[in-house]
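Thanks for making the time this morning.

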Amino acid sequence: MLSVDKIFNAGVALKGIIHETALVNAPSLAPGCRLYLKPENLQNTGSFKLRGSGYKIANLSPEERARGVIACSAGNHAQGVALAASKYGISSLICLPDSAPISKVEATKGYGANVCLVDGVYDDAYRKALELRDEFGYTFVHPFDDEDVIAGQGTIGLEIMHDLDDIDAILVPIGGGGLISGIALAVKTLSPRTKVYGVQAAGAPSMFNSVNSGKITCLDSVSTIADGIAVKQPGENTFDIVSKYVDDIALVTEDEISSAILALIEKEKMIAEGAGAVSVAAAMFEKFPMEGKKVVSVVSGGNVDVTSLNRIIERGLIKSGRNTTLLIELVDKPGQLQAVSRIIAEKGGNVISVHHERNGETASINGCFLRIGMETRNFEHILEINEALQKEGFKIIQG
């Protein structure tokens, strides 16, 4: 049976493989609460996954080590298994979905593993790994539904409780549930009053749906920028532990995740991947009752694909009112663009794109559309600019 004693043992076994990530005070991210970050994005391999895979591999018998290990992953668990196996001189084979970011694939190879790319998502890679395990006798290192793996992840909970007193709530990302299972078991054993809240992407609510229905359910598909938690079905062990120890689970949207990634970059100079930022998004957008509370958000990973980071930031800018597009209907005559630009400049907006459209269904036969992209401070600033344009007689169609 999994117990807090096993989590303490994992903490001892992992010395020399992981490092303790110090809590970061982040009051500006969620002003309604006293927020701290547990930055596992700064962990070796860039995520918490090294903890669980490291403890699992540390417990292998000599015979199991000789046969080697196999794992499946969207990326972070792959790197954890690869590095842990290399430290013990064990060969490793990792099955990854072919949609995994190139950066994660190359990093996994860099830590010493062989990689097998599989068509589909995580669950397809999982089935392929089991086939290869049965064929070649590898030891399978499950990414979340394994007691040793859960115990390894639970060391995060021990560190948080050791570093900070009187914690009211801990927010934890959920994919398959291994991370929150270990943390919840550790925290609830040591401090039953501390709330443990789970956070999933709205595009992959497998644990959320399962807990609410009272049984494990499988999603038909998943779609989210938080690829590290894009899991169709939670594990049996994790479902049981989450049902028993986790106080509540909330969902965050793609826009909210993007906003959290942007806020972490700007305010904390910290890079988080989508999966790692969902707990911060939950704090920022008040998904749980946390007013005036001392709260820790676990930033579970930082292995974001740099090729998609620009798109994520752009989405975050729009969600936070930092970028916007106005569509203005006006009379097609000289001086109109100059007048619009003057008003925007006087109000402190920065025009970054202009598109003039004559072919459109305007109220006037001499009308046209002007589409303007702007950098702004926030939504209040956008409203101020809109009101100034309308006061000067311009008709805002969209913005």
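How many degrees, roughly, separate the axes of helix 7 and helix 8 where they cross? Before I answer, please keep in mind that this is a predicted model, in which local features need pLDDT of at least 70 and side-chain atom pairs count only at pLDDT 80 or more, while totals for chains, interfaces and linings use all residues. Residues are numbered from 1 along each chain as its sequence is written, and side-chain values use heavy atoms, with hydrogens and water left out.

The axes of helix 7 (residues 147–163) and helix 8 (residues 178–190) cross at roughly 45 degrees and come within 7 Å. Helices here are DSSP runs of H or I with at least four residues, strands are runs of E with at least two, and both are numbered from the N terminus; axes are lines fitted to C-alpha atoms, for helices over the stretch in contact, with angles from 0 to 180 degrees between N-to-C directions. The two helices, helix 7 and helix 8, are therefore oblique to each other, given that angles under 35 degrees count as roughly parallel, over 145 as roughly antiparallel, 65 to 115 as roughly perpendicular and the rest as oblique. The crossing of helix 7 and helix 8 is right-handed, that is, the near helix is turned clockwise from the far one by less than a right angle.

Turning to the sheets, where two strands pair if DSSP finds at least two bridges between them, there is an open sheet of four strands in the order 5-4-3-6, paired in parallel. Its edge strands, each pairing on one side only, are strand 5 (114–118) and strand 6 (139–140). Strand 3 (residues 69–72) is joined to the parallel strand 4 (residues 92–97) by four bridges, and C72 has C95 in strand 4 as its bridge partner.

Another open sheet of four strands, with antiparallel pairing, has the order 12-13-11-14. Strand 12 (350–357) and strand 14 (395–398) each have a single partner strand, so one side of each is left without a neighbour in the sheet. Direction ignored, neighbouring strands of this sheet are turned by 30 degrees against each other on average. Three bridges pair strand 11 (residues 323–331) with strand 14 in the antiparallel sense, and E329 stands opposite K395 in strand 14.

On a 1 Å grid over the protein atoms alone, a cavity is a set of points where a 1.4 Å probe fits but cannot get out, a pocket is an open set with protein on both sides within 12 Å along at least five of seven lines, and lining residues have an atom within 4 Å of a point. The largest pocket holds about 480 Å³ of space, and S99, P101, T224, I225 and D227 lie nearest its centre among 24 lining residues. Helix 13 (residues 306–319) gives the largest share of that pocket's lining, four residues.

The largest cavity holds about 300 Å³, and of its 28 lining residues F48, K49, G175, G228 and I229 are the closest to its centre. Helix 8 returns here, with the largest share of the cavity's lining, three residues.

Key. Grid points are joined across faces, edges and corners, and a volume is the space filled by probe spheres set on the points.
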